[in-house]
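Welcome to this short briefing on a structure. Have a look at the chains first, and then we can walk through them together.

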Amino acid sequence: MNSKLRILIILLLIFIVVGSAVAYFLWNKPQRNVENEKGIEVTAAQLVKEYQANEADANKKYLDKAIQVTGTITEIKSNQEGNSTVMLASDDAFTGVLCTLKHKTTDANSGAAIVIKGICSGMLTDVRLREAVIVK
Amino acid sequence: MKRIFLVIAIIVIAALSVNAQKIYSTKMGKISFFSNAPLEDIEARNSEVESKLAQNGQVIFVLLMKGFQFKNQLMEDHFNENYLESSKYPKSDFKGIITNIKDINFSKDGIYPAHVKGALTIHGVTKGVETDGIVEVRGRKVTARTKFNVALKDYSISGSQIGKKIAETVAVTVETDYE
């Protein structure tokens, strides 16, 4: 009886330790880093075209996924937090791919061809990529 | 003859004043929210908000739910998957009007109190919202700021983990610089 109780207590202790370790690691789950993910490769024009054709279908394909977009820069700005934002042209002059970069500064130039990898948030006026990094 | 000129002059002036209705806009407005939780406060911000503010008082904000960033990845996952179902409802918007727009002089620098009334759509549910904020005019730059509370049950937000882990209302802060 005494040994049974001891085993029970040991099991209980193991359970508590493992449980709190799991909780701890879940709680401290690292931030998603797009640099470690392989992006779906697509051109800015194609991405916008797919979103314009059918937003729901495009969201199924791209929403929350890492995407590697090739395009031409039309505008570089910064947001209210000081992060750089890069607009890529599509075939439609009124819309593009708007990327918020992870970093505050960028040496990218307007008019240059660029490859950017980011996480797709969906589409407002433009298709939005967040947490983006410049690949090339 | 004189009368015709007068009529034409009035029409021209009226047309000009309609054209003078300037619209301020941005694609990078900021909206954040804050919620008290027993374990840790929940805070997130979205710096990719599209917004327009017209001199006639019309305002609109549109944002993508996935654009909210948390300092904790687990919170972000729970927010999107359990509570807001962001894949099903990717957007939120607010369409409204500044009811006291006549008190705001866009050609004179200052901080003007603004009363806003409109409809807020979150999680596929639309509800009326009324709040006080300010419109700040500095040169050609206009900034809109407001704070209001959102009751989660108003928008049928009741994730599988809701229990007592998160508060029933969250405080939403809008701080948007227009171009």
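Which residues of helix α2 (residues 44–53) of chain A are buried? They are A:A44, A:L47, A:V48 and A:Y51. Viewed along the axis of α2(A), these buried residues sit within an arc of 95°, so they line one face of the helix. Keep in mind as you read that this is a predicted model.

- Chain A is assigned two stretches, with domain 1 covering 1–30 and domain 2 covering 34–134.
- Between the C-alpha centres of domain 1 of chain A and domain 2 of chain A there are 45 Å.
- The largest nonpolar core has 56 residues, and those touching the most other members are A:L47, A:V69, A:L88, A:V97, A:C99 and A:L129.
- If you set aside neighbours within four places in sequence, A:V69 is in contact with A:V42, A:A44, A:L47, A:L88, A:V97, A:I116 and A:L129.

**Chain B: layout**

- Chain B contains two helices and nine strands.
- Reading from the N terminus, the order of elements in chain B is α-β-β-β-β-α-β-β-β-β-β.
- Chain B has 179 residues, of which 26% count as buried.
- Among contacts in chain B with a separation of 6 or more, 57% join residues 24 or more positions apart.

**Where the chains meet**

- On one side, 21 residues of chain A take part, and they are in contact with 15 residues of chain B.
- Four elements of chain A, namely α1 (2–27), β4 (96–101), β5 (113–123) and β6 (127–134), each supply at least two residues of the side that touches chain B.
- That side of chain A is made up of six nonpolar, nine polar and six charged residues.

**How confident is the prediction?**

- For the model, the scores are ipTM 0.78 and pTM 0.82.
- Chain B has a mean pLDDT of 87, with 88% of its residues at 70 or more.
- Within chain B, helix α1 (residues 2–19) of chain B has the lowest confidence, with a mean of 64.
- Strand β3 (residues 58–64) of chain B has the highest confidence in that chain, at 96.

How values were computed. Residues are numbered from 1 along each chain as its sequence is written. Chains are lettered from A and ligands numbered from 1 in the order in which they are written. This is a predicted model: local features need pLDDT of at least 70, side-chain atom pairs count only at pLDDT 80 or more; totals for chains, interfaces and linings use all residues. A residue is buried if 20 or more other C-beta atoms lie within 10 Å of its own, exposed if 12 or fewer, and partly exposed in between; C-beta atoms are placed from the backbone. Two residues are in contact if their C-beta atoms, placed from the backbone, lie within 7 Å. Ala, Val, Leu, Ile, Met, Phe, Trp, Tyr, Cys and Pro count as nonpolar, Asp, Glu, Lys and Arg as charged, and the others, Gly among them, as polar. The arc is that of the directions from the helix axis to the C-beta atoms. pLDDT is the predictor's confidence in each residue, from 0 to 100. Domain bounds come from an automatic or database domain assignment. A nonpolar core is a set of buried Ala, Val, Leu, Ile, Met, Phe, Trp, Tyr and Cys residues joined through C-beta atoms within 7 Å.
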